[in-house]
Amino acid sequence: EGESEPVDLRRAELDQEVNRLEAGLILAKHLPTLQWFAHYGKQAFTIPDLVSPFATSWSFGLEIVFPLFSGLSSLGEARANAARSRVLELKRQETLEAVTARQVRTREAYVGAIKTLEATETAYALSEKAQGEGRRGY
């Protein structure tokens, strides 16, 4: 359909796509994550040891985190997303019906205008013919 696609219908389809992507984000909360970490600082048992160059410590590494319990919030989010998905589908369907009805009305108006134009052309031709007959008769 391309550029002739109505804006309202395209907006409804984009809303549905955003909702699908949000559903993926909800599911991604349950996946393990990798995190880099680094620590740098001073470590000492007495205050004078803090200024010692040997009190410096550092570490870095890679950490994997498995979410064991994400709470019931993810279940609520999934249900809300499913409900939003149904609402968006109904909205898209209503928009599609409105666009279709608009296209039908436009087509009917176009056909009506063509018929009016044809009738006007016929009336003009008949009036020209009548004028010609009237000139010959007088």
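User: Why is Arg 92 called buried?

Analyst: Arg 92 has a relative accessible area of 18%, and buried means under 20%, exposed over 50% and partly exposed in between, taken with a 1.4 Å probe on protein chains only, so Arg 92 counts as buried. This is a predicted model, in which local features need pLDDT of at least 70 and side-chain atom pairs count only at pLDDT 80 or more, while totals for chains, interfaces and linings use all residues. Residues are numbered from 1 along each chain as its sequence is written, and side-chain values use heavy atoms, with hydrogens and water left out.

User: Where does Arg 92 lie, and which residues is Arg 92 in contact with, leaving aside its neighbours within four places in sequence?

Analyst: Arg 92 belongs to helix α2, helices being DSSP runs of H or I with at least four residues and strands runs of E with at least two, numbered from the N terminus. Contact means heavy atoms within 4.5 Å, and once neighbours within four places in sequence are set aside, Arg 92 touches Leu 9, Ala 12, Glu 13 and Gln 16.

User: What makes Asn 81 count as buried or exposed?

Analyst: The relative accessibility of Asn 81 is 7%, so this residue counts as buried. Asn 81 is part of helix α2, which covers residues 73-137, and apart from neighbours within four places in sequence, the contacts of Asn 81 are with Asn 19, Glu 22, Ala 23 and Ile 26.

User: Why does Pro 6 count as buried?

Analyst: Its relative accessibility is 17%, so Pro 6 counts as buried, although Pro 6 is found in the segment before α1. Leaving aside neighbours within four places in sequence, Pro 6 is in contact with Val 99 and Arg 102, whereas the C-alpha atoms of Pro 6 and Ser 74, which are 68 residues apart in sequence, are 35 Å apart in space.

User: Why is Trp 36 called exposed, while His 39 is called partly exposed?

Analyst: Trp 36 counts as exposed because its relative accessibility is 69%, while His 39, with a relative accessible area of 48%, is therefore partly exposed. Trp 36 is found in strand β1, residues 33-42, and His 39 lies in strand β1. With neighbours within four places in sequence left aside, Trp 36 is in contact with Gly 61 and Leu 62, and His 39 with Ser 57, Trp 58 and Ser 59. Between the C-alpha atoms of His 39 and Gly 61, 22 residues apart along the chain, the separation is 9.2 Å, and between those of Trp 36 and Leu 88, 52 residues apart along the chain, it is 39 Å.

User: How many helices and strands are there in the protein, and how do you know that the protein is more spread out than a compact globule?

Analyst: The protein has two helices and two strands, following the pattern α-β-β-α along the sequence. Its radius of gyration is 37 Å, well over the 14 Å that the globule rule gives for 138 residues, so the protein is more spread out than a compact globule; the radius is taken over C-alpha atoms, and the rule is 2.2 Å times the number of residues to the power 0.38. Along the principal axes, the C-alpha atoms fill a box of roughly 130 × 35 × 20 Å, and 12% of the 138 residues count as buried.

User: How confident is the predictor, and where is confidence lowest and highest?

Analyst: On the pLDDT scale, the predictor's confidence in each residue from 0 to 100, the mean for the protein is 84, and 93% of its residues reach 70 or more. Confidence is lowest in helix α1, residues 7-28, at a mean of 85, and highest in α2, at 89.
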